Amino acid sequence: ALPTGTSRQKRNHLLLGLLTVILAGLFYGCFGNDWISIGIFTACIVFPVSILLEGSLTKTERNRIFVIYIIAFFVIFFWAAYEQAGASLTLFASEQTDRFIFDWEMSASWIQSFNPFFVVILAAVMPGIWSLLNKRGMEPSSPTKQAIGLLLLSLGYLVICFGVKDIEPGVKISLVWLVGLYFIHTMGEICLSPIGLSMVNKLTPVRFASLMMGIWYLSTATANKFAGILSGLYPEKGKTKILLGYPIENMYDFFMVFVAMSATASLILFLLSKKLQKMMHGVE
């Protein structure tokens, strides 16, 4: 008879192989011959499951890994909305934003420089805010910070919704609305991105550190692919696009998708924060 460890290993390999085939078939039905999408979405599930099947994990380690997976799932919605900066938001800046500053017209691509500019400023400010809150015993937990990041993302899109609401086709809005969106989104990024990486490092067993960091970035890859799918909903004249029964006919409808998606993810994560904090077993 085979040793118990070897039997378990073979069983796990069989389960992972079966799961891979099932998921690849499922995603093939969704994406057709888009093998990049099939590969990304399949890997995003199979690799995390492979770690959970590792027999050496203790209950505490398993709980902490579950926390990483749960938050990584919500982070997908953050980056899927945030990465519209390189797609639909740049197109919006080009087509429907007044980019004139006095007699000079700013290139639409230059608007993306607002984000790194705000990152430099806020990266020096936010740690001070967390430190001040920590001294007063009010610093939010890591899951709560992730939820705050999602909420700020939703607020950023809500700002641009006010800018485009009831605007007639062909009318351009002020650049101020996009600047406001990028500023709020950058605050959300500072709340979520570095905190998430730190959390993965603290919660992961040392022997899985590199692999778990890779899985965390795999969720980002999934989000970027999802972002591309969502950017395909960008309004086109004379066409109505549908997302889960919701009609998208103009920019207000389009941006409200991201308001609702981010706000819903934020609310659920806020509600789960206390439970997730307990599952972290003392890790801050």
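## How α3 meets α8

In this predicted model, helices α3 and α8 cross in a right-handed way. Their axes lie 8 Å apart and the packing angle is about 30°. Because angles under 35 degrees count as roughly parallel, α3 is described as roughly parallel to α8.

Which residues of α3 and α8 make this contact? From α3 come Ile 65, Ile 68, Tyr 69, Ile 71, Ala 72, Val 75, Ile 76, Phe 77, Trp 79 and Ala 80. From α8 come Met 212, Ile 215, Trp 216, Ser 219, Thr 220, Thr 222, Ala 223, Phe 226, Ala 227 and Leu 230. Sorted by class, the residues in the contact of α3 with α8 are 17 nonpolar, three polar and no charged.

## How α3 meets α9

Now follow α3 to another partner, helix α9, which spans residues 251–279. The axes of α3 and α9 come within 10 Å, crossing at roughly 165°. Angles over 145 degrees count as roughly antiparallel, so α3 is roughly antiparallel to α9. Here the crossing is left-handed.

On the α3 side, the contact includes Asn 63, Arg 64, Phe 66 and Val 67, along with Phe 74. On the α9 side, look for residues including Phe 258, Met 261, Ser 262, Leu 272 and Met 279. The contact of α3 with α9 has 16 nonpolar residues, two polar ones and one charged one.

## How α2 meets α8

Helix α8 has a further partner in α2: their axes come within 10 Å and cross at roughly 150°. That angle makes α2 roughly antiparallel to α8, and α2 passes α8 in a left-handed crossing.

The α2 residues in this contact are Ser 37, Ile 40, Phe 41, Ala 43, Cys 44, Phe 47, Pro 48 and Ile 51. They meet Leu 211, Met 212, Ile 215, Leu 218, Ser 219, Ala 221, Thr 222 and Lys 225 of α8. The contact of α2 with α8 divides into 12 nonpolar, three polar and one charged.

## The largest pocket

The largest pocket has a volume of about 530 Å³. Among its 23 lining residues, Phe 41, Cys 44, Phe 73, Ile 76 and Thr 222 are the closest to its centre.

Which elements give two or more residues to the lining of the largest pocket? They are α1 (4–31), α2 (35–52), α3 (59–82) and α8 (209–231). Helix α3 gives the most, with seven residues. The lining of the largest pocket has 21 nonpolar residues, two polar ones and no charged ones.

## The second largest pocket

The second largest pocket has a volume of about 430 Å³. It is lined by 16 residues, and those nearest its centre are Gln 96, Pro 169, Glu 249, Asn 250 and Met 251.

How do the residues lining the second largest pocket divide by class? Seven are nonpolar, three are polar and six are charged. The lining of the largest pocket, for its part, has no charged residues.

Key: Residues numbered from 1 in each chain as written. Predicted model: local features only at pLDDT ≥ 70, side-chain atom pairs only at ≥ 80, totals over all residues. Heavy atoms only, no water. 1 Å grid on protein atoms, 1.4 Å probe; cavity = no way out; pocket = protein on both sides within 12 Å on 5 of 7 lines; lining within 4 Å. Points joined across faces, edges and corners; volume = space filled by probe spheres on them. Helix = DSSP H or I, 4+ residues; strand = E, 2+ residues; numbered from the N terminus. Nonpolar A, V, L, I, M, F, W, Y, C, P; charged D, E, K, R; others polar. Axes fitted to C-alpha atoms, helices over the stretch in contact; angles between N-to-C directions. Parallel < 35°, antiparallel > 145°, perpendicular 65-115°, else oblique. Left-handed = near helix turned anticlockwise from the far one by under 90°. Contact = heavy atoms within 4.5 Å.
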